[in-house]
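Have the viewer open while you read.

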Amino acid sequence: ILDLGKAQRLAQDFTAAGATLTGLDKKVLDESLKTIWEARSKVEQARVHLDAGKAQNARTVVGNAANLLAEITTDKAEVATLQRTVDMLKGRCETVDKNYTAAVNYFEGLISKAGRKVDLKVVGLLGKGEALFRQGAAGGNSKTLRKAQMAFAQAAVLDPGQGDFSAMASYYLGEVTLALGAKAGGSTRAKDYFKEVVR
């Protein structure tokens, strides 16, 4: 059911995805399944709302997911991974709403409190970079785009062995390079970043 909801989201059938994932929530309650299933569902529901441009709905669901994760005492590795995703989605709500300053401040807060938690720092850098990229691209501001580029470059270097983090950083480095144009090496350099994502 979870994978069907993901597939529907990726197909941009957001109504169907929402219904499928709500069905998963009901199944968890009806069959007394492990709480981690409801947490997985809520995280995916938040993605559905964000992809549909409904940041306020995503905020509510992300909060529910965070509460569920706090209750789970087993599956520690997956809970940690889902918590990283929740941290990212919280800030993305602001980015989707074009509250770029709020998004940057949120992610800088994550970076500050990360301490030795490299994965949390990388989440903060990626989120900050995305907010700056969206802001810079919307306003044609090369200075803001350069700040985004720096955040993504730092995230790529710090990637704690998680391929998804470095792939996201490389993807956005390509996007930033394209937005900056010829001065940044243009499409040739961007292609190199996108090839790195594929690799």
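## The largest nonpolar core

In this predicted model, the largest nonpolar core has 26 residues, and the members that touch the most others are Leu126, Phe133, Ala148, Phe152, Ala155 and Val176. Four helices each put in at least two residues: α6 (100-113), α7, α8 (142-158) and α9. The top contributor is α7, which gives eight residues.

Take Ala155 as a way in. Skipping its neighbours within four places in sequence, Ala155 is in contact with Val122, Leu125, Leu126 and Ala169. There's also a second, separate core, this one of 19 residues, with Val43, Leu68, Val86 and Cys93 among them.

## α7 against α8

How do α7 and α8 sit against each other? Their packing angle is about 155°, and the axes are 8 Å apart. Angles over 145 degrees count as roughly antiparallel, so that's the label for α7 and α8. The crossing of this pair is left-handed.

On the α7 side, the contact is made by Val118, Lys121, Val122, Leu125, Leu126, Gly129, Glu130, Leu132, Phe133, Gln135, Gly136 and Ala137. From α8 come Thr144, Leu145, Lys147, Ala148, Ala151, Phe152, Gln154, Ala155 and Leu158. Sorted by class, the contact of α7 with α8 has 13 nonpolar, five polar and three charged residues.

## α7 against α6

For α6 and α7, the angle comes out at about 160°, again with an axis separation of 8 Å. These two helices are therefore roughly antiparallel as well, and their crossing is left-handed.

Here α6 brings Tyr100, Ala103, Val104, Phe107, Glu108, Leu110, Ile111 and Lys113. They meet a run of α7 residues, including Leu120, Lys121, Val123, Gly124, Leu125 and Gly127. Further along α7, Lys128, Ala131, Leu132, Arg134 and Gln135 belong to the contact too. The class breakdown for α6 with α7 is 11 nonpolar, three polar and five charged residues.

## α7 against α9

Are α7 and α9 parallel or antiparallel? Helix α7 (residues 118-139) and helix α9 (residues 163-180) pack at about 20°, with 11 Å between their axes. Angles under 35 degrees count as roughly parallel, so α7 and α9 are roughly parallel to each other. Their crossing is left-handed.

The α7 residues in this contact are Asp119, Val122, Val123, Leu126, Glu130, Phe133 and Arg134. By class, the contact of α7 with α9 splits into 10 nonpolar and four charged residues, with no polar ones.

## Two residues at the other end

Leu10 is in helix α1 (residues 2-10). Is Leu10 buried or exposed? The cut-off for exposed is over 50%, so Leu10 counts as exposed, with a relative accessibility of 65%. The C-alpha atoms of Leu10 and Leu33 are 26 Å from each other, for residues 23 apart along the chain.

Thr20 is in helix α2 (residues 14-30). Its relative accessibility is 14%, and buried means under 20%, so Thr20 counts as buried. Which residues does Thr20 touch? Not counting those up to four places away in sequence, Thr20 touches Ile1, Leu4, Gly5 and Gln8.

Key: Residues numbered from 1 in each chain as written. Predicted model: local features only at pLDDT ≥ 70, side-chain atom pairs only at ≥ 80, totals over all residues. Heavy atoms only, no water. Axes fitted to C-alpha atoms, helices over the stretch in contact; angles between N-to-C directions. Parallel < 35°, antiparallel > 145°, perpendicular 65-115°, else oblique. Left-handed = near helix turned anticlockwise from the far one by under 90°. Contact = heavy atoms within 4.5 Å. Nonpolar A, V, L, I, M, F, W, Y, C, P; charged D, E, K, R; others polar. Core = buried A, V, L, I, M, F, W, Y, C linked by side-chain atoms within 4.5 Å. Buried < 20%, exposed > 50% of the residue type's maximum accessible area, 1.4 Å probe, protein only.
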